[in-house]
Amino acid sequence: MTPDPGALVNSFREEVDVTVTGLTLLVLGLFVLVRATYPEQVSQEVLPAVREEMLALFGPLFAALMVVFVLFALVIIVGPWGKIRLGGEDATPTYSYPAYFAMFFSAGIAAGIVFWAAGEPLFYYAFETGDAGMPPFVGEEPGTAAAERGAMQATFFHWGISAWSAYVAVAIPIAYYAYNRGGPLRFATLLMPFVGKENVTHPLAKLVDVLAVFATIGGVAVSVGLVGPQFLSGVEYHWGTETTDADTSIVIVGITLVFIISVVTGVKRGIRRIAGLNLLLFIGAGLLVLALGPTRYIIANTAWAFVDYAANFAQMNAAALTTSGDAAWYNDWTLFYWVWWFSWAPFAGLFLASISRGRTLRTVAATGVFVAGLATLLWFAVVGNAVLYTQSEGLVDLLAIEAFPLEEVAGFATFATFPFGEVLVFGLFALIITWIVTSADTSTLVVAILGTKPGIAPETATRVFWGVLQGGMGLGLILIGGADALQTAAVVTGGPIGVLAFVGIAGLFVEFSRFAREEVADQTPEPDPEPEPGTEVS
Amino acid sequence: MAGVLERVGATTTGMQLLLLAWLLSGQLLAVAFWLPEIGEALSATALILVAMTFVGAGLAYLALLPFEPERAAASG
């Protein structure tokens, strides 16, 4: 059946939240206009200066917030509140656990996991301590065995349980208030214990939703845009060919079409299945690298990486809190990652909340922090150690590849040296696409929810609108410039989002504490007899 | 043949076209990977078109397959 364009437009007009959508478009339009008028100043002076100033002033605050989010997740996992079931005691999960995990895990990280698993340890291993090189806590010469361990330890720190805790800190309060207190499934629901259920959809509260939409579009549209050139770097490197802007457009338009189809078909079809495929590819590629690469080296160094990470976790957090002396490295890496994860938290957290009805808070937190964190770290351990082995044993001098950014081709160059390297290289190409599609489809769903009137699940027209906007922005930013500026702007939004997440968990603890003397299972509030429409999106 | 297509969910012309595009581009891509001189002989645009057709058709096909309860209802 061919969709009726008139009906689609009417559907969009009926369900659009004018405040959130209008303000978001206004902010994005202003951003594009200012960036086009003052390209150099915005990209190279103003935004980087704002980011630097923000990290210099509030860096310790962000480091502290990340510690709080990790502690919050641990308290939920081991404490009595973990028993609380989202949707009430009788609620049952909508999705099987493997599908649930695959969707959340695939949404929370984009194609960066493919590139940075290969690139980041190499940066730390090969270069002197400074803005880009070895972590200051290693205290060894670059290129040594100690540098290898330090490189993996620092990489684990940035991609481990902290990142996923930030998502959980957003997901759990929103899911609790949506499913157990009848609130709407929106980012502004974090404020519900302070402003009341009726005010979560107040125009002022919607400013919080606008912040979330801007951060999401900034983060994901830029990722969609950047994946084109990154994918093409692999093609150029592997086949020794040259690509053009037209090729970039083909990749981005293709990705956009796929993630729009995925989000239109919904969580139960496109989003769930592509996430499942992504997870299978991810596990398969990881196992193949382990089997075909330097297996002994990877296993031994993976064990050390986990030991070093666990033993030094508190020390690294403390160092990030007190960045005096080594501020440049922490600002450029650790704190940058922290605000980057914060800026992704509204969409990843809201999506996690949207699929968590029927699960206990403990399951949500443990899945988010331990299962997703462990899967991420195992991938980084396998790929990162394979790359370090390739460099340290001189199989390929990855640092001598000057025609491409190191992180974009280190994986391709490494895998090509292994038996059946073509299979591994193919796997990398496939993973780049599936990782970005699985993040872009879920982020499109989340911004469509936020851009729709409370209580209504977004229909096809709204999903297509936001999908085209995300893909179009990604393409436009790459072709006419400005991706770096929007990425920096999105990162800047991470600061206030981190604070809002803290407000959300503080409110949740206050609410839970009211019932502290009673048995938790007995005091779990019953869900509203009439759950807020649109709290579950298909 | 019709039975095979039905089993894999390619019950409409659109789905059959997607499946055909996926299979053909997959074969081309496999040749480009396993015989690098062929891959290197192709232009970058051709390689990328083939790769994106393979990935795009496959993922779109996967997304468009009917939801299992819908399929059960249709067949039951």
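Select A:Tyr124 and show what surrounds it. Setting aside residues up to four places away in sequence, A:Tyr124 touches A:Gly133, A:Met134, A:Pro135, A:Gly150, A:Ala151, A:Ala154 and A:Thr155. The model on your screen is a predicted one. A:Tyr124 sits in helix H5 of chain A. Is A:Tyr124 buried or exposed? A residue counts as buried if 20 or more other C-beta atoms lie within 10 Å of its own. A:Tyr124 has 27 other C-beta atoms within 10 Å, so A:Tyr124 is buried. A:Tyr124 and A:Ser249 are 125 residues apart along the chain, and their C-alpha atoms are separated by 33 Å.

**Two helices against H15**

Keep helix H5 of chain A (residues 112-126) in view and select helix H15 of chain A (residues 406-415) as well. The two helices pack at an angle of about 95°, and their axes are 7 Å apart. H5(A) is therefore roughly perpendicular to H15(A). To see the contact itself, select A:Val114, A:Phe115, A:Trp116, A:Ala118, A:Gly119 and A:Leu122 on H5(A). On H15(A), the partners are A:Leu406, A:Glu407, A:Glu408, A:Ala410, A:Gly411 and A:Thr414. Coloured by class, the residues of this contact of H5(A) with H15(A) come out as seven nonpolar, three polar and two charged.

Next, select helix H14 of chain A (residues 361-392), which also packs against H15(A). Here the angle is about 70° and the axes are 10 Å apart. H14(A) and H15(A) are therefore roughly perpendicular to each other. From H14(A), pick out A:Val383, A:Ala386, A:Val387 and A:Thr390. From H15(A), pick out A:Ala410, A:Gly411 and A:Thr414. The residues of the contact of H14(A) with H15(A) are four nonpolar, three polar and no charged.

Move on to the loop between H15 and H16 of chain A and select A:Phe420. What is the phi of A:Phe420? The angle is near 55°, a positive value in a residue other than glycine. Most residues other than glycine have a negative phi. A:Phe420 counts as exposed because it has 12 C-beta neighbours inside 10 Å.

Select A:Phe351, which lies in helix H13 of chain A (residues 327-354). A:Phe351 has 27 other C-beta atoms within 10 Å, so A:Phe351 is buried. Leaving out neighbours within four places in sequence, the residues in contact with A:Phe351 are A:Ala107, A:Thr442, A:Leu445 and A:Val446. Take A:Val446 from that list and check its place in the chain. A:Phe351 and A:Val446 are 95 residues apart in sequence, while their C-alpha atoms are 6.4 Å apart in space.

**Where chain A meets chain B**

Now show both chains. The contact takes 28 residues from chain A and 19 residues from chain B. On the side of chain A that touches chain B, the elements giving two or more residues are helix H9 (203-239), helix H10 (245-265), helix H11 (267-292) and helix H16 (421-450). Which of these elements gives the most? H10(A) does, with 10 residues. By class, this side of chain A has 15 nonpolar, seven polar and six charged residues. For the complex, the predictor gives an ipTM of 0.90 and a pTM of 0.91.

H10(A) has 21 residues and reaches 30 Å from its first C-alpha to its last, close to the 30 Å expected at 1.5 Å a residue. The helix is mostly covered, as 16 of its 21 residues are buried. Step past its end to A:Gly266, which follows H10(A) and has a positive phi, near 100°.

**Chain B**

Of the 76 residues of chain B, 29% count as buried. Among the contacts in chain B with a separation of 6 or more, 56% are between residues 24 or more positions apart.

Colour chain B by pLDDT. The average is 87, and 88% of the residues score at least 70.

Finish on H4(B), residues 44-64. This helix of 21 residues spans 29 Å from first C-alpha to last, close to the 30 Å expected at 1.5 Å a residue. H4(B) is mostly covered, with 16 of its 21 residues buried.

Conventions
Residues numbered from 1 in each chain as written. Chains lettered and ligands numbered in written order. Predicted model: local features only at pLDDT ≥ 70, side-chain atom pairs only at ≥ 80, totals over all residues. Contact = placed C-beta atoms within 7 Å. Helix = DSSP H or I, 4+ residues; strand = E, 2+ residues; numbered from the N terminus. Nonpolar A, V, L, I, M, F, W, Y, C, P; charged D, E, K, R; others polar. Expected span 1.5 Å × (residues − 1). pLDDT = per-residue confidence, 0-100. Axes fitted to C-alpha atoms, helices over the stretch in contact; angles between N-to-C directions. Parallel < 35°, antiparallel > 145°, perpendicular 65-115°, else oblique.
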